[in-house]
Amino acid sequence: MTTRRITRAIKVGSSVVGGNAPILIQTMTAVKTRDVDAVVSSITQLAKAGAGLVRVAVDSQEDAAALAEIRKRVDANLSVDLQENFKLAEKVAPYVDKIRYNPGKLFRLEPEKPWQKKVEYLVKVALDNDCALRVGVNCGSLDPAIVARFQEDADAPNPADPLIASALEHVDFLETIGFQRYCVSIKDSDPKTVVLANKRFAELRPDVPLHLGVTEAGLPPRGILKTRVALEPLLAEGIGETLRVSLTVPADQKTEEIEAGRLILANVASGEIATPSLLDDDALNIVSCPSCSRVENSRFVELVKKVEEATAYARGYPFTIAVMGCRVNGPGETDGADIGLWCGGERVNLKSGATLIGSFGYDEIIDKTLELLNAKIKIYNASQIDLNRMGPDGLLA
Ligand code: SF4
């Protein structure tokens, strides 16, 4: 029987996150926010399926105006996702219960202004509008100042360390200015890093509620498995007050994220905890975003499926292919992969590591991806032959 830790409780609309409240399952819409009818329909469907909180992305004044209309037509608890556009907070806060900000995106708008001033502004907006905040740290969009700090460190940092540092920096600041109605998320696409980062953060700040998730978990069933491997051990230790399973599924199938969340909670309750051995570290790893209102082409989910099918022959190779749906997070969140694809409206950008190879039509991109993958396989195979020929002295025999 799992003993839940007791964090501080924060009110989010009609729900409570933390304290003695049940673990809240949440999700996000993936239709254009300005399409009010489609968003209302999606939120209604998700709330009916059991989402305790539904997040909506807002990137423009038009999106913000749409949110006012959406609020009139749904009762669900709503969260708004602001990436660099933190200044839209005052426009949308009257219509939502929680504001998610990303510490790694605050620097983009008004770069001369210190991030502390921007957070003070967000806190004031939250207080004026009875909203909670989420400090949402993500591996693909870490604050460049934190990245630089860890790069200076001669010892290679654990990948969890910069994530934890970013979260702690914001938590410390929020506490200093007397704001406590917030939760934290620390997400990575690697389940092991999610476990490490959240365990460590929970040790350091056991009072702060945690939103758990694996970012870009990808297509089901593998995306569900990756999330299980990360979340079930944490929840079994009593860590985690709310969660999201981020799956690459079409907008009208987002209820699958809620069902997967329920499966995870049921597994933990019955003691069936997924272990890392269920995932093969040496296998081809495809990470893909769950898509949201920012997705630039409705063919995105189909594209991810095609990438998975077309690269199946390379399953035994230890490469990561990242497929992202838009230009907001696509460029940054593909940097760490061996091969990255990020979608524009008509073309898909192909990267090798952080280097852009070119942009290609949706009908050409699979062939171009396979060309790049085959070139990488060739280099990898050659290096393995060299390794096999290497003697104990490290020299080629
Ligand atoms: S990469 Fe873009 S489309 Fe995909 S979830 Fe992130 S913001 Fe949304």
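**Around the ligand**

Visitor: Which residues surround the ligand?
Guide: The ligand is surrounded by Cys289, Pro290, Ser291, Cys292, Arg294, Val295, Met324, Gly325, Cys326, Val328, Asn329 and Gly330. A residue is near a molecule if its C-beta atom, placed from the backbone, lies within 6 Å of it.

Visitor: How many of the shell residues are nonpolar, polar and charged?
Guide: Seven are nonpolar, four polar and one charged. Ala, Val, Leu, Ile, Met, Phe, Trp, Tyr, Cys and Pro count as nonpolar, Asp, Glu, Lys and Arg as charged, and the others, Gly among them, as polar.

Visitor: What am I looking at, and how is it numbered?
Guide: This is a predicted model: local features need pLDDT of at least 70, side-chain atom pairs count only at pLDDT 80 or more, and totals for chains, interfaces and linings use all residues. Residues are numbered from 1 along each chain as its sequence is written.

Visitor: In what sense do strands 12 and 13 pair?
Guide: Parallel, over four bridges, between residues 320–324 and 339–343. Alanine 322 has glycine 340 in strand 13 as its bridge partner.

Visitor: New topic. At what angle do helix 8 and helix 9 pack?
Guide: About 40°, with their axes 10 Å apart. Axes are lines fitted to C-alpha atoms, for helices over the stretch in contact, and angles run from 0 to 180 degrees between N-to-C directions.

Visitor: What does that make helix 8 relative to helix 9?
Guide: Oblique. Angles under 35 degrees count as roughly parallel, over 145 as roughly antiparallel, 65 to 115 as roughly perpendicular and the rest as oblique.

Visitor: And the barrel, how many strands close it?
Guide: Eight, in the order 3-4-5-6-7-8-9-10, with parallel pairing. Two bridges join strand 9 (residues 210–212) to strand 10 (residues 242–243). Leucine 212 has leucine 243 in strand 10 as its bridge partner.

Conventions:
Pairing = 2+ DSSP bridges.
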